[in-house]
Amino acid sequence: MSPPLDLSRCRNLLFVKPSSFGDIVHALPSLESLARAYPHLRIHWVANTEWVPLLEGNPALSSVIPFPRSRLRGAASAPGFLRWTRALRQSGSWDAALDLQGLLRSAFIAVGSAAPVRIGASNAREGARLFYNRIIRVHPSAHAVHRYLEVVRGLGAQPAHPSSNPWLPSGDPLPPDLSEPTPPFVLFHPFSRGDGKSLTLPQVTRFCAALHEARLPVVLAGALSQDSSIPDLPGNTCNLINHTTIPQLIRLLRRSSAVVSVDSGPMHLAAALGLPLLGIHTWSDPRQVGPCRDSALVWRGGCIRPVGDLPPPAVPLACTPLADPDIDAIAAWAIDTAPSPIP
């Protein structure tokens, strides 16, 4: 017989959501909903080491447990994974494990914790559902934030509003060798690790040049696997590609006047902070993975529109390449949205 599910009687909950950047941000409203519903509950979040800075200091958490994903890849890493789960099991007495990742590896983490109650969502993949003894039904076509909040509702907590501003770190200043940009400026995040999501270098240059004509500064942020130098950038552009940590990126976002970003973790971070935002979706569906804030705008298939005006999931969205007129329209939005710079 499965053990009873009653979080009011639990003391320690293992919150398993190791990745990715955007998914961590998506799960924050669910964390806060659980902490508000069960103030006695000690919640411990398992996150990939690189995403721990998003969670450090969060008042809803008793601890953040780093998962060294980069060192535990492939079949050869199985002994290391078993040692890590053994240490996890010995580090605390886990009353329940909530797996919001919904993959085989995260289900193994839940099992390895020896928590008697293992909770997952109905849309879990890779056979993860076989390792849960409590499955909460969610709508597979819903946005990730809404799916996670459905899980929270299934655990007896009142879900937060999907567009609520979750707790996030205040951020760190740039190091002394880098100039801190002065507002107003537009933060531009044009590159993503996802295939086909990034802008081309000519498109990046075109966007920055359009804002240069409007005398509006641009800060380029994010990561680029190749050489981060971009030729022909106009003088209004501060290129911080590959030069910021996550806390420094958060500080830049908080100081920005508007954000333009491809579908990526920083886009979701800007949405969670409630910033003026335009997300660029070259092929991904913004109804499932876009900014979860009705006031945000998205570009998809040659059209810019508010998230709240997107058609229901049953209606297909056009998918056309990002062309020069689209870059010009996105730049025009940034110019109209950001405060006019001092002459």
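Colleague: Is Leu103 buried or exposed?
Modeller: Buried, because its relative accessible area is 17% and the cut-off for buried is under 20%. Keep in mind that this is a predicted model.

Colleague: Okay, and where does Leu103 sit?
Modeller: In the loop between β4 (96-99) and α3 (104-112).

Colleague: Which residues does Leu103 touch, not counting those up to four places away in sequence?
Modeller: Arg125, Glu126 and Ala128.

Colleague: How far is Leu103 from Cys319, C-alpha to C-alpha?
Modeller: Those C-alpha atoms are separated by 29 Å, and the two residues are 216 apart along the chain.

Colleague: Switching to Phe131. Which loop is that in?
Modeller: Phe131 is in the one between β5 (117-121) and β6 (134-136).

Colleague: What is Phe131 in contact with, leaving aside neighbours within four places in sequence?
Modeller: Leu104, Ala107, Phe108, Val111 and Arg118.

Colleague: Now Asn58. Where is that, and is it buried or exposed?
Modeller: Asn58 lies in the loop between β2 (42-48) and β3 (63-67). With 3% relative accessibility, Asn58 counts as buried.

Colleague: What lies 2.9 Å from a polar atom of the Asn58 side chain?
Modeller: The backbone nitrogen of Ala60. Beyond four places in sequence, Asn58 also touches Leu28, Leu31 and Trp167.

Colleague: Let's zoom out. How many helices and strands does the protein chain have?
Modeller: Nine helices and 13 strands.

Colleague: What does the radius of gyration say about the protein chain?
Modeller: It comes out at 21 Å, which agrees with a compact globule, because one of 343 residues would have a value near 20 Å. Along the principal axes, the C-alpha trace spans about 70 × 45 × 40 Å.

Colleague: How much of the protein chain is buried?
Modeller: Buried residues make up 54% of the 343. The protein chain exposes about 15200 Å², with carbon and sulfur atoms supplying 53% of that area.

Colleague: And what about contacts between residues at least 24 apart?
Modeller: They are 57% of the contacts in the protein chain between residues at least 6 apart in sequence.

Colleague: Last one: how far apart are the mean positions of the positive and negative charges?
Modeller: 12 Å, for 30 positive and 24 negative charges.

Definitions and conventions: Residues numbered from 1 in each chain as written. Predicted model: local features only at pLDDT ≥ 70, side-chain atom pairs only at ≥ 80, totals over all residues. Heavy atoms only, no water. Helix = DSSP H or I, 4+ residues; strand = E, 2+ residues; numbered from the N terminus. Rg over C-alpha atoms; globule rule 2.2 N^0.38 Å. Buried < 20%, exposed > 50% of the residue type's maximum accessible area, 1.4 Å probe, protein only. Contact = heavy atoms within 4.5 Å. Areas by Shrake-Rupley, 256 points an atom, 1.4 Å probe, with all protein chains shown as cover. Lys, Arg positive; Asp, Glu negative; His and termini not counted. Charge placed at Lys NZ, Arg CZ, Asp CG, Glu CD. Polar contact = N/O pair within 3.5 Å; in protein donor to acceptor, adjacent residues only side chain to side chain.
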